[in-house]
Amino acid sequence: MTSRVIVHAVIKGRVQGVGYRAWTAREAGARGLAGWVRNRREGFVEAVFAGPADAVEAMLAACRAGPLGARVEAIERYDETGSALAPGSAADGFTVLPTV
């Protein structure tokens, strides 16, 4: 059994206007992860993934490729120690949040 982790990721590159958020929600849901994804007005995508460490690592690896049309240049990873996923987000399931 692997430990449960929470990772905050900032994904940079051509990641808006290519369906990256919807793709992320489908991929995270298929891996049984909780969390959220949203666009940032600065042009990047921000996400939090919570779940078994191996599933989170697999999700981060998938994020490096992203959906067709995306070009990921960098992923900044921040390991979280708290239990909160985001203000207003549920502890179970994966949500697409509005752009901020």
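Tyr 20 and Trp 23 both lie in helix 1, 3 residues apart, or about one turn of the helix. An α-helix has 3.6 residues a turn, so residues three or four places apart point the same way. The model is predicted: local features need pLDDT of at least 70, side-chain atom pairs count only at pLDDT 80 or more, and totals for chains, interfaces and linings use all residues. Residues are numbered from 1 along each chain as its sequence is written, and side-chain values use heavy atoms, with hydrogens and water left out.

**Aromatic pairs**
- The whole structure holds 2 aromatic pairs (ring centres within 6.5 Å; planes under 30 degrees apart are stacked, over 60 edge-to-face, the rest tilted; the six-membered ring is used for Trp).
- Tyr 20 and Trp 23 form a tilted pair, 5.5 Å centre to centre with 55° between the planes.
- Both Tyr 20 and Trp 23 are buried (under 20% relative accessible area, 1.4 Å probe, protein chains only).
- Phe 49 and Phe 94 form a stacked pair, 5.8 Å centre to centre with 15° between the planes.
- This pair links distant parts of the chain, with Phe 49 in strand 3 and Phe 94 in strand 5 (residues 94–96), 45 residues apart.
- Phe 49 is buried at 0% relative accessible area, and Phe 94 counts as buried at 18% relative accessibility.

**Helix 2**
- Helix 2 (residues 53–65) has 13 residues and spans 19 Å from first to last C-alpha, close to the 18 Å expected at 1.5 Å a residue (1.5 Å times one less than the number of residues).
- Its buried residues include Val 56, Met 59 and Leu 60.
- Gly 66 follows helix 2 and has a positive phi, near 70°.

Methods. Helices (H or I, at least four residues) and strands (E, at least two) are DSSP runs, numbered from the N terminus. Buried means under 20% relative accessible area, exposed over 50%, partly exposed in between (1.4 Å probe, protein chains only).
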